[in-house]
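Q: I have a model open and want to learn to read it. Where do we start?
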Amino acid sequence: NGKLDRAALPPPADEERPAAEFVTPATAVQQRVAAIWQEILGLEEVGVTDHFFHLGGHSLLAAKVVTKVRAEFEIELSVRALFEHPVLAAFAAEVDAKRALGVEPESEPDGALALDSRPTSQPLSFQQRQLLFLDDLTDGGATYYAAFAFRVTGELDREALAGAVDVLVRRHEALRTVLLVNDDTAEQAVLEDWQIDIPIVDVTGPDGEVDLLLREYSRRPFDLSRDLMLRPTLFRLAPNDHVLLFQTHHIAFDAWSVEIFLRELSHTYEAALESREHDLPPLPLQYRDFSRWQRELLKGDRLEQENSFWLRYLAGAPTFLPLPTDRPRPDEEISEAGRYAIELPLSVADDVRSVCAAEGVTPYMLLLAVFATLLYRETGQDDLLVGGPSANRGRAEFDGMIGFLANTVVTRIQLAGNPSFSELLARVRGAVLESLEHEGFPLERVVDLVRPPRRTGVNPLFQVNFRTRVGPLPTLELAGATTAPIPMEVGIARFDLAFEAHVRDNGISGEFLYSIALFDRIRVERLAVAFKRLLEDALADPSCRLLSFELPAAVAAANGAQIRGIRGARNPQPDVVE
């Protein structure tokens with residue numbers, strides 16, 4: 001068919017490195033940088049000619065590297081530096097140059113992280129304030145609840161498990177922080193008196209009963225003014241067969257926090273079994289320290305700089321995406337979620353890594369470019385705003401902290417001029433890096449700045465979301481037992497349409513999450529088919545222009561004139577959402 005068969009091509013010469021070519025880091029800076037790379041990437045050795053992203057690095061790991069380098073060398077450095085200098089020798093030279101120029105980290109506000117005075121209550125973080133508003137908007141619904149569960153086979157000591165969880169609730173203040181709301185003011189306060197219990201629910205019915213119970217228990221309401229933000233429940237299927245569920249609220253948990261919690265629970269459970277104290281290192285900061293730091297930081301010149309960036313970055317951007325829907329948009333923003341999963345073979349994952357290496361992008365950027373192409377082909381809109389999560393942990397002191405630090409960052413993707421997929425990758429790369437340099441600016445502040453037209457039942461600024469996970473899912477290890485994660489069913493749709501990808505060594509999986517109030521499953525199935533076709537064609541020939549990619553016949557027929565009329569068209573934003 002005239003397209004490149006990349007799988008049949010030999011690897012480029014610069015991707016093959018015989019063992020003899022390994023070059024040991026020589027300078028002190030190279031050695032220190034190599035040690036950081038080894039720690040973050042989980043490698044035994046890294047040479048000066050090694051490429052960070054060829055070693056398995058991605059955006060989140062790059063952020064971790066830069067955070068550690070900033071702290072160790074006491075320099076100002078952005079994530080962009082690692083993308084622009086991904087080879088260790090070049091990155092170490094950039095670190096050297098920053099040190100020589102005396103480019104120190106931005107000074108912190110006086111007392112922002114001082115620990116000598118911690119008031120019993122203080123203002124909310126911006127993340128807490130936004131979720132409190134949304135919680136009120138949905139009458140305390142389950143939209144911003146989260147849950148994760150594990151099948152536990154083998155001997156399980158319930159008393160040791162309860163003690164291990166209690167240690168973590170004591171260790172991480174965010175898990176016992178409540179919100180005190182009085183008229184127009186709201187503060188956070190840390191509970192000093194609490195009790196953790198792990199109730200046992202006997203399950204004697206068919207296997208499907210467990211799924212129903214997990215769904216029911218993961219939607220139990222939280223009272224943010226009095227409840228702990230963590231609820232464990234143990235479902236007993238047999239004497240040595242359990243399902244362990246943890247229900248949380250996003251106001252105290254983000255994805256990073258889940259990994260911390262599971263890692264530390266594995267440690268504290270083992271210590272409890274052996275009747276000894278755990279030896280986890282003390283936490284340098286608590287969540288209320290982050291809240292204070294955040295508020296002190298976003299003042300004065302720093303606030304003006306952030307305001308100026310986002311006003312420029314989003315100037316003239318359309319804030320409504322006219323995706324074709326199967327039903328009129330309801331008045332409520334909250335809807336039940338549907339889920340459509342896809343699985344891509346190992347050959348596609350290999351091609352993704354190959355093209356990422358050739359184009360200097362990450363899997364996140366490549367898959368986001370495909371998602372943007374799909375939206376472009378569906379709507380004809382060549383200027384897109386897509387939301388996505390950001391870890392927002394730019395200080396080493398925040399690495400081990402449980403709490404809601406994550407932010408939602410909007411990325412603007414411009415597809416005007418019918419670019420090639422390779423050109424689009426360069427645009428997406430620049431847009432992602434630019435927005436991530438400002439990941440700490442709260443989304444609610446961005447919305448207040450831009451002041452998008454408010455429409456009934458429409459999320460402001462953007463209505464689609466995209467995220468990826470690279471590597472294995474977080475695991476829980478309980479001494480004496482075998483554990484396996486249980487996929488939790490999606491409950492509430494926070495966006496019209498979202499895509500979540502999981503990039504693993506043995507393939508790529510993903511799922512489309514959608515509002516069932518807007519879309520029928522068959523429409524989302526067609527979107528999934530189109531996404532896979534676009535990805536395969538883009539990998540086969542990145543030089544191909546976006547409008548030249550052929551969509552499957554069923555998808556083209558379903559969208560009819562809308563797809564045929566895209567070329568050169570740009571849909572205006574409607575005054576009325578239909």
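A: Start with a pair of helices. The crossing of H10 and H14 is right-handed. Keep in mind that this is a predicted model.

Q: At what angle do the axes of H10 and H14 cross?
A: The angle is roughly 65°, and the two axes come within 10 Å. H10 covers residues 300–313, and H14 covers residues 443–450.

Q: Which residues make the contact?
A: From H10, they are Leu303, Asn307, Trp310 and Leu311. H14 supplies Arg445, Val446 and Leu449. Sorted by class, the contact of H10 with H14 has five nonpolar, one polar and one charged residues.

Q: How should I read the spacing of such residues along a helix?
A: An α-helix has 3.6 residues a turn, so residues three or four places apart point the same way. Now look back at H10, with Leu303, Asn307, Trp310 and Leu311 in the contact.

Q: Take H1 and H2 next. How are these two helices oriented to each other?
A: Read the angle between the axes. H1 (residues 28–41) and H2 (residues 59–73) cross at roughly 140°, with their axes coming within 10 Å. Angles over 145 would count as roughly antiparallel. H1 and H2 are therefore oblique to each other. Their crossing is right-handed.

Q: Which residues of H1 meet which residues of H2?
A: On the H1 side, look for Val29, Arg32, Val33, Ile36, Trp37, Glu39, Ile40 and Leu41. On the H2 side, find Leu61, Lys64, Val65, Lys68, Val69, Glu72 and Phe73. By class, the residues of this contact divide into 10 nonpolar, no polar and five charged.

Q: What is valine 33 in contact with, leaving aside its neighbours within four places in sequence?
A: Its partners are Phe73, Leu88, Phe91, Ala92 and Val95. Valine 33 and valine 69 are 36 residues apart in sequence, yet their C-alpha atoms are 7.3 Å apart.

Q: How much of the whole chain is buried?
A: Of its 578 residues, 51% count as buried. The chain has 17 helices and 15 strands. For contacts with a separation of 6 or more, 78% come from residues 24 or more positions apart.

Q: How many residues of H9 are buried?
A: Count them along the helix. Nine of the 11 are buried, so H9 is largely enclosed by the rest of the structure. They are Tyr287, Arg288, Asp289, Phe290, Ser291, Arg292, Trp293, Gln294 and Leu297.

Q: What does the side chain of glutamine 122 reach?
A: Glutamine 122 is found in strand E1, residues 121–123. Its side chain reaches the backbone oxygen of arginine 288, at 2.6 Å. Arginine 288 is one of the buried residues of H9. Beyond its neighbours within four places in sequence, glutamine 122 is in contact with Glu187, Gln188, Arg288, Ser291 and Arg292. With 7% relative accessibility, glutamine 122 counts as buried.

Q: Is arginine 171 buried or exposed?
A: At 14%, arginine 171 counts as buried. This residue is found in helix H6, residues 158–171. A polar atom of its side chain lies 2.9 Å from the backbone oxygen of proline 281.

Q: What about backbone angles? What is the phi of serine 275?
A: Phi of serine 275 is near 55°, a positive value in a residue other than glycine. Serine 275 lies in the loop between helix H8 (255–273) and helix H9 (287–297). Its relative accessible area is 71%, so serine 275 is exposed.

Q: And where does asparagine 392 lie?
A: Asparagine 392 lies in the loop between strand E9 (383–390) and strand E10 (407–414). It has a positive phi of about 55°, although it is not a glycine. Asparagine 392 is buried, with a relative accessible area of 9%.

Notes:
Residues numbered from 1 in each chain as written. Predicted model: local features only at pLDDT ≥ 70, side-chain atom pairs only at ≥ 80, totals over all residues. Heavy atoms only, no water. Axes fitted to C-alpha atoms, helices over the stretch in contact; angles between N-to-C directions. Helix = DSSP H or I, 4+ residues; strand = E, 2+ residues; numbered from the N terminus. Parallel < 35°, antiparallel > 145°, perpendicular 65-115°, else oblique. Left-handed = near helix turned anticlockwise from the far one by under 90°. Contact = heavy atoms within 4.5 Å. Nonpolar A, V, L, I, M, F, W, Y, C, P; charged D, E, K, R; others polar. Buried < 20%, exposed > 50% of the residue type's maximum accessible area, 1.4 Å probe, protein only. Polar contact = N/O pair within 3.5 Å; in protein donor to acceptor, adjacent residues only side chain to side chain.
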